[in-house]
Amino acid sequence: VVRQERPEVEEQRDRLVTSIAGDKRQLQDLEDRILKLLRESQGNILDDEQLLNTLNNSKLTSAAIQNRVKEAEETEHNINVARESYRPAATRGSILYFTIADLAGINPMYQFSLAYFIRMFAYCIGASGKSGDVAIRLQLLSDFATSFLFKNVSSGLFEEHKLLFSFLLCTSILRHPSAGEISEVEWSCLVRGMQTTAATAGSSHQKPRPKPDVLTWLKDETWADLQYLEQLVPVLKGLGGDIVQDTAAWHKWHAADEPLQQPLPGQWQQQIGDKFAKLLVVKALGEEKLIFACQQYVASKLGKEFTEPEPWTLDDVFQETSAHTPVIFILSTGADPASMLQRFGERKGWIMGQRLHLVSLGQGQ
């Protein structure tokens, strides 16, 4: 990031690293030369004029080099402080890359190379909004890179996996220590379940109490999950007792088709609002509504463009291709990319048989 944003800083740092290494090497050479002369000296060393001259010259040279090294190291420290201010953008880039790389675990077809990612991220650095304020500039870059890479990668995913990708992207950003909005315990509760998380949390937890008779609309397993949530997630402490006391309001919220769009009963809407903990409550009370709740959560954190991506067009995709980066269509029932490709060629003015060639597999064999 710094090499493209502030090339003069990177060039100065490279020169300093080379200069410091050369000065330290020269100091080492002086020490080696003095030791060699001392070893080879015979008789009284005070009578060895060559040795004395070498020692005097070495003393002066050594002092000058040490001052130079000290000044260079101070300058390098200042440069590193300036470079460190760009870390948020680099952090966002690493989060995006590893989230995209993990897609191969969903489907082995989803392979994205590091070279591809670097090329896309470098494009984002040049195409994103500019600002003289470093903090604003980095926020513009992070937002643009997140949106651009999401759209770019989504165009190569099956429809059923796009929401999963947007959710992984959102939670990966919010789980990072720089955001700190989702703890590892909360993430484990969502992915592995409350009881499994409690069993592996490494601390003692109370066993679930029997379900009160008033909660006829709740399953025993659901009541147990709610009690584990209270113990694992501090912000949800007291949730079970409140559900018992205000069971009618909670039953109404639980029965809603879109619970995440409904305010939580009592003080809980203000207490957890749109936090990740609200997803855990949805999971515990009605896991069948979790997918829709995740979609709304992503929209609230990143924007609706991450849950309702615009349909791609061949014009947009073509801009990202090259002789080494082709477009591959995966055919399914009812899909005919050939006609779409022909219309695209007509808009570009490519005459069939001259600039645009259709070759069938096995043709001419």
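These notebook entries record what I looked up on helix packing, pockets and a cavity in this structure.

**Entry 1. Basis**

I worked from a predicted model, in which local features need pLDDT of at least 70, side-chain atom pairs count only at pLDDT 80 or more, and totals for chains, interfaces and linings use all residues. Residues are numbered from 1 along each chain as its sequence is written, and side-chain values use heavy atoms, with hydrogens and water left out.

I took helices as DSSP runs (H or I, at least four residues), numbered from the N terminus. Two packed helices are described by the angle between their axes and the distance between the axes. The axes are lines fitted to C-alpha atoms, for helices over the stretch in contact, and the angles run from 0 to 180 degrees between N-to-C directions.

**Entry 2. Helix 8 and helix 14**

I looked up helix 8 (residues 184-192) against helix 14 (residues 276-285): their axes come within 10 Å and cross at roughly 30 degrees. That makes helix 8 roughly parallel to helix 14 (angles under 35 degrees count as roughly parallel, over 145 as roughly antiparallel, 65 to 115 as roughly perpendicular and the rest as oblique). The crossing is left-handed (the near helix is turned anticlockwise from the far one by less than a right angle; clockwise is right-handed).

For the contact (heavy atoms within 4.5 Å), I noted Glu186, Trp187, Cys189 and Leu190 from helix 8, which meet Phe276, Ala277, Leu280 and Lys283 of helix 14. The residues of this contact divide into six nonpolar, no polar and two charged. In this scheme Ala, Val, Leu, Ile, Met, Phe, Trp, Tyr, Cys and Pro count as nonpolar, Asp, Glu, Lys and Arg as charged, and the others, Gly among them, as polar.

**Entry 3. Helix 7 and its two partners**

I then turned to helix 7 (residues 159-175), whose axis comes within 10 Å of that of helix 4 (residues 87-101) and crosses it at roughly 145 degrees. Helix 4 passes helix 7 in a right-handed crossing. On the helix 4 side I listed Arg92, Ile95, Leu96, Thr99 and Ile100, and on the helix 7 side Phe165, Leu168, Leu169, Ser172 and Ile173. By class, this contact has seven nonpolar, two polar and one charged residues.

With helix 15 (residues 290-302), helix 7 has an axis crossing of roughly 55 degrees, again within 10 Å. That makes helix 7 oblique to helix 15. The crossing of helix 7 with helix 15 is left-handed. Helix 7 contributes Leu163, Ser166, Phe167, Cys170 and Leu174, while helix 15 contributes Ile291, Cys294, Gln295, Tyr297, Val298, Lys301 and Leu302. I recorded nine nonpolar, two polar and one charged residues in the contact of helix 7 with helix 15.

**Entry 4. Pockets**

I next examined the pockets (on a 1 Å grid over the protein atoms alone, a pocket is an open set with protein on both sides within 12 Å along at least five of seven lines, whereas a cavity is a set of points where a 1.4 Å probe fits but cannot get out; lining residues have an atom within 4 Å of a point). Grid points are joined across faces, edges and corners, and a volume is the space filled by probe spheres set on the points.

The largest pocket holds about 1,700 Å³ of space. Its lining has 45 residues, with Asn152, Ser154, Ser155, Gly156 and Val317 nearest its centre. Helix 6 gives the most to this lining, seven residues. The lining divides into 24 nonpolar, twelve polar and nine charged residues.

The second largest pocket has a volume of about 580 Å³. It is lined by 19 residues, and the closest to its centre are Val327, Phe329, Leu341, Leu356 and His357. Helix 16 supplies the largest share of that lining, three residues. I noted 13 nonpolar, five polar and one charged residues in the lining of the second largest pocket.

**Entry 5. Cavity**

How many cavities of 30 Å³ or more does the structure hold? I found one. The largest cavity has about 30 Å³ of space, and Trp253, His254, Pro259, Val282, Leu285, Gly286 and Lys289 line it. Helix 12 (247-255) and helix 14 are the elements that give two or more residues to this lining.
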